[in-house]
Amino acid sequence: MPTAMITGASRGLGAAIAAALAPTHTLFLAGRPSAQLDAVAAEFGATTWPIDLADVSGIAAAVEPIVELDVLIHNAGVVFPARVAESTAEEWRATMEVNIVGAVALTLAVLPALRAARGQVLFVNSGSGINASPGLASYSASKSALRSFADSLRNDEPSLRVTSVHPGRIATEMQEGLVAYEGGSYDPSRFLSPQSVARVIAEAVHSPPDAHVHEIIVRPRSQ
């Protein structure tokens, strides 16, 4: 079976993506070692890869055994809800380290394996990567940078298919924290389900080999 590496697969959207691709792909679940990640790996017969996107120094060594990789899905990310005046430089640095620098470092480390497979790279971005959202200053900036990186990768690596996925708000733990910051009450029915977004991502993965999906925008139907 073709191989797929998924970051941030221990819960939420990442676990849903793993479930969607498990029937058709051998899964590599990349992230910090945890009981949650191990549980997802056990459920789908996947292999875990200990990678900390906040510490790029160990990424290349961690993925060195991978000689071919068909699909890389960047799903891991952090968010520090804050308007510009409320934010701190430390939050900006932490956001950029994971959401953009870590994603770049992992992509570079597996680039030879992706080239060997003429593979796909999918970036789970956000609506905030297109239009900055109030109260998500550093997050919006990081996602905008991630979109630009995806565009550069697509331009510079013509053998690869590169897709940016821009979902609306998804019913996850991260969303609960954002709603709390906004002073609202969390109602998951208002948001996209992780399974719905995972299905959209899986459909992009399974697109015909002569089709190159550059960008996907998906929003809750209620919007």
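This is a predicted model: local features need pLDDT of at least 70, side-chain atom pairs count only at pLDDT 80 or more; totals for chains, interfaces and linings use all residues.
I will begin with empty space. Rolling a probe the size of a water molecule over the atoms shows where such space is left. Here the count comes to one cavity of 30 Å³ or more, and the largest cavity has a volume of about 30 Å³. Its lining is made up of Leu53, His74, Ala76, Val98, Asn99, Ala103 and Leu146. Helix H4, which spans residues 89-117, supplies three of these residues, the largest share of the lining. Sorted by class, the lining of the largest cavity holds five nonpolar residues and two polar ones, with no charged residue.

Let me turn to the helix pair. Two packed helices are described by the angle between their axes and the distance between the axes. For helix H1, residues 12-21, and helix H7, residues 194-205, the angle is about 50° and the axes lie 8 Å apart. An angle from 65 to 115 degrees would count as roughly perpendicular and one under 35 as roughly parallel, and H1 and H7 are therefore oblique to each other. Their crossing is right-handed.

Which residues in H1 and H7 meet? From H1 come Gly12, Leu13, Ala16, Ile17, Ala20 and Leu21, and they meet Pro194, Gln195, Val197, Ala198, Ile201, Ala202 and Val205 in H7. By class, this contact of H1 with H7 has 11 nonpolar and two polar residues, and again no charged residue.

Note on methods
Residues are numbered from 1 along each chain as its sequence is written. Side-chain values use heavy atoms; hydrogens and water are left out. On a 1 Å grid over the protein atoms alone, a cavity is a set of points where a 1.4 Å probe fits but cannot get out, and a pocket is an open set with protein on both sides within 12 Å along at least five of seven lines; lining residues have an atom within 4 Å of a point. Grid points are joined across faces, edges and corners, and a volume is the space filled by probe spheres set on the points. Helices (H or I, at least four residues) and strands (E, at least two) are DSSP runs, numbered from the N terminus. Ala, Val, Leu, Ile, Met, Phe, Trp, Tyr, Cys and Pro count as nonpolar, Asp, Glu, Lys and Arg as charged, and the others, Gly among them, as polar. Axes are lines fitted to C-alpha atoms, for helices over the stretch in contact, and angles run from 0 to 180 degrees between N-to-C directions. Angles under 35 degrees count as roughly parallel, over 145 as roughly antiparallel, 65 to 115 as roughly perpendicular and the rest as oblique. A crossing is left-handed if the near helix is turned anticlockwise from the far one by less than a right angle, and right-handed if clockwise. Contact means heavy atoms within 4.5 Å.
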